[in-house]
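Please look through the sequence and the model shown below before reading on.

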Amino acid sequence: MARFPAPMLATAGPVPADDDLRYAYEFKYDGIRCLARITGGTCRLITRNGNTITHSFPEIADELITLAAGRELVLDSEIVTPDRGGVPRFALMSRRLGVMRPSQTLLRSVPAQAYVFDLLHLDGRDLRDLPYLARREHLAGLELPHPPILLSPYYLDIPVSRMLEVAATYQLEGVVAKLVDAPYRGGRSQAWRKLPLRRTTEVVVVGWLPGTSAGREFGALLIAAHDPEGHLRLFGRVGTGFSDATRRTLHRQLHGLAAIAPTVIGTVPSSIAARARWVLPQLVGEVAYRERTASSLRHPSWRGLRPDREMHEVRLPEPQN
């Protein structure tokens, strides 16, 4: 276990038929992907792009060490920050990510949980070649569940349409369909199919527009993504979804990345070019939206920064027909 394995990533796709028995279903939680390696009485947590976040979630790491009870494990999970009603809220995640030594006040006010859904290594044995259901059996045998560590359930006998209804009722992000006989393979895979209830996409922040209200740091962020040829293209702005604290923090970061010219290719609309403040393309965020047109997103809303994503991964979402 000298290196972390590459995480297996779900691919967007059509909803399976209710009578398709090839799939198991898990709920899709609104959090940050995390691989955990526990060995020798220590635990390291990393994001899907390899950033260490152990310091940001010490309660997760400490509890995993306790529950491992001397075993060597590599686990795949989703770390979430639930609200007072227990619903995972990605907006709360920004208060935990990047904090080197979270205070007891922060740990109490923004608690984190880890939904564990896969077991990749167990006491030196690589389990990734096993089918999904076999890995889940090994995972269940660990008897891990103990808050803040939770075992993400899977379902074989519930129609996917019902799973999506339940996810909507409890304000979850959606459902993931996983082929029951599929091994664990790093990278994007058709064996895992994500079925979100709402559209979200990653974006690169390339600039901002001044606000019109007194005391407002910025009015909107200018967002971009890579086209099929790999060029960074502007595709709109997002001006909603920011708390006052988020707006202040982002504004400080934007000033530290100021650029004298656009970093996107193509023509910038004159209505934007006249007021734009450009920045170096280093911040990756996520927005929710209603639909994508040929040139922009309709009704975009900011969801938060994604330090677990690399800029080169950000691609233009497919337009809806």
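## An open sheet

Strand E1 is joined by five bridges to strand E10 (residues 187-196), and the two run parallel; strands, like helices, are DSSP runs numbered from the N terminus, with at least two residues (E) for a strand and at least four (H or I) for a helix, and two strands pair if DSSP finds at least two bridges between them. Within this pairing, Ala-10 has Ser-189 of E10 as its bridge partner. The model is a predicted one, in which local features need pLDDT of at least 70 and side-chain atom pairs count only at pLDDT 80 or more, while totals for chains, interfaces and linings use all residues. Residues are numbered from 1 along each chain as its sequence is written, and side-chain values use heavy atoms, with hydrogens and water left out.

Four strands make up the open sheet, in the order E1-E10-E9-E2 and with mixed pairing. Strand E1 (8-12) and strand E2 (23-28) are its edge strands, each pairing on one side only.

## Helices on the sheet

Helix H4 (residues 132-141) packs on the sheet, where it touches E2, strand E9 (174-179) and E10, contact meaning heavy atoms within 4.5 Å. The direction of H4 makes about 55° with that of E2, whereas helix H5 (residues 160-169), which lies across E2, E9 and E10, runs at about 10° to E2; axes are lines fitted to C-alpha atoms, for helices over the stretch in contact, and angles run from 0 to 180 degrees between N-to-C directions.

## The largest nonpolar core

The largest nonpolar core has 33 residues, of which Val-206, Leu-221, Leu-222, Leu-254 and Trp-302 touch the most other members. Such a core is a set of buried Ala, Val, Leu, Ile, Met, Phe, Trp, Tyr and Cys residues joined through side-chain atoms within 4.5 Å, and buried means under 20% relative accessible area, with a 1.4 Å probe and protein chains only. Among the elements that each supply at least two residues of this core are strand E11 (199-209), helix H6 (244-255) and strand E14 (277-289).

E14 is largely enclosed by the rest of the structure, because ten of its 13 residues are buried. Nine bridges join E14 to E11, and these strands run antiparallel.

## Trp-302 in its setting

Where does Trp-302 lie? Trp-302 belongs to strand E17 (residues 301-305), which pairs with E14 in the antiparallel sense over four bridges, and Trp-302 is the bridge partner of Val-287.

Trp-302 is buried, with a relative accessible area of 5%, and the residues that it touches include Val-203, Leu-221, Gly-241 and Leu-250. Although Trp-302 and Gly-241 are 61 residues apart in sequence, they are 4.6 Å apart in space, C-alpha to C-alpha.

Methods:
Buried < 20%, exposed > 50% of the residue type's maximum accessible area, 1.4 Å probe, protein only. Lists of a residue's contacts leave out its neighbours within four places in sequence.
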